[in-house]
Each structure stands twice: as C-alpha cells, then as structure tokens.
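Please look over the sequence and the model shown below before reading the report. The notes are meant to be read alongside them.

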Amino acid sequence: AFDVAACLSLKPIRSPGICPVPPEHSKPYRRVGISALYLGAGQYGGVLNRIILLVAAAFYLGPELYGMYQVGQAWYLAWLPVAGGGLQFLLAREIGYDPNAGGRIVFPTLLLRLGLVSLAVAGCLVTAPLFQEGQPWVLLAIFAMALGGRSIASWCTAVFNAHQYARYELS
C-alpha cells in the first residue's frame, strides 16, 4: 500500500514497499509536497476570502448597490486588456532570449505600459458618463483609477516572472 505520510516524512523508511521512492531520495519529494500544500492552501484561502467578501458585500450593500458595484467591476475588467497590451509576452521573450538584456528592455516596456494605462484610464473616464442616469458612472471613474495601479502591478509581476523563467527554466 502507498503511504503518503511515510513518503513525506524525514525519517528513513525501513520496510520496503511502503514508499516507491528510496529513503535517500525522499527529501526532494517532501519539499515538493510541502510546496504544493502551501500553494494550494494559499490559492484556496484566497478563493474562500473572495467568496466571503462577495457574500458580505451582497448582504450589506443590498441588490441595487451591489449591482452597481458589479457593473463597475465589469467595466473595469473590460478596459484591463487595453492597459496591459500583452507586454508580459514581450518581456518573457526578450529576457528569455538574453537574461542580461533585462535592463535594456524593462524601462521601455514601463514607458509603453504607462502610455497604455493612460489611454485605458482616459477611455474609461470618457465613456463612463455615457451611462444613463442612475448608472454608477462615478463608481466607474473610481475603478478607472484603480486600473492604473493594477496594470503597473501586473507589469512588475511580468518583469519578475520573466527574470525567474530565464534564470531557472531556460538555463
């Protein structure tokens, strides 16, 4: 029988057949198992937090305000690809091709991202008042401002991931 706990333990396994991995090689599997446990707990914890937040927001805001919040969020997400521009793929390709070229490619992509963010925020702000009376155009304007922060944070993540992939995956 396969015993997961025995495979992940630090103690040497004495009886054959309990774990298909020899005891001297069980440490890497332990690290992978613990990393997977942390990763899963973090992801499922984040999903659980979002569910709790949405249920609480729907309960306390009521149907009309919660509907306005959802319209604002959908409008914000509609402009997010404009602010992104697919630069994460360019960063990954260029830094993966030459990891030492990171300094030459990072600043120009930041300037391009800032230009795209400005375009997306302006587009979101210009089109937000076009909604009929009672629509959450003020909330849409607030979400437009949050669009800039999220886009820059996404760019930072893309730079980090491109360097990590170039260092660990491609070497």
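## Basis of the model

This is a predicted model, in which local features need pLDDT of at least 70 and side-chain atom pairs count only at pLDDT 80 or more, while totals for chains, interfaces and linings use all residues. Residues are numbered from 1 along each chain as its sequence is written, and side-chain values use heavy atoms, with hydrogens and water left out.

## Overall fold

The protein has five helices and zero strands, and from the N terminus on its elements run α-α-α-α-α; helices (H or I, at least four residues) and strands (E, at least two) are DSSP runs numbered from the N terminus. Of its 171 residues, 26% count as buried, where buried means under 20% relative accessible area, exposed over 50%, and partly exposed in between, with a 1.4 Å probe and protein chains only.

Among contacts (heavy atoms within 4.5 Å) between residues at least 6 apart in sequence, 64% join residues at least 24 apart. The protein exposes about 11,700 Å², of which carbon and sulfur atoms supply 68%; accessible areas come from the Shrake-Rupley method with a 1.4 Å probe, and for residues only the protein chains shown count as cover.

Helix H3 spans residues 87-97, and its buried residues are Leu-87, Leu-91 and Ile-95. Seen down the axis of H3, these buried residues fall within an arc of 55°, so they line one face of the helix; the arc is that of the directions from the helix axis to the C-beta atoms. The face turned away from this buried side carries the exposed residues Phe-89, Arg-93 and Tyr-97.

Thr-109, which lies in helix H4 (residues 102-127), is buried with a relative accessible area of 2%. Not counting residues up to four places away in sequence, Thr-109 touches Leu-87, Leu-90, Leu-91 and Trp-155.

## The salt bridge

A search of the whole structure finds one salt bridge, defined as a side-chain nitrogen of Lys or Arg within 4 Å of a carboxyl oxygen of Asp or Glu. Arg-93 forms this bridge with Glu-94, and the closest N and O atoms are 2.9 Å apart. Arg-93 is exposed, with a relative accessible area of 53%, whereas Glu-94 is partly exposed, at 27%. Side chains of opposite charge can pair when their charged atoms come close.
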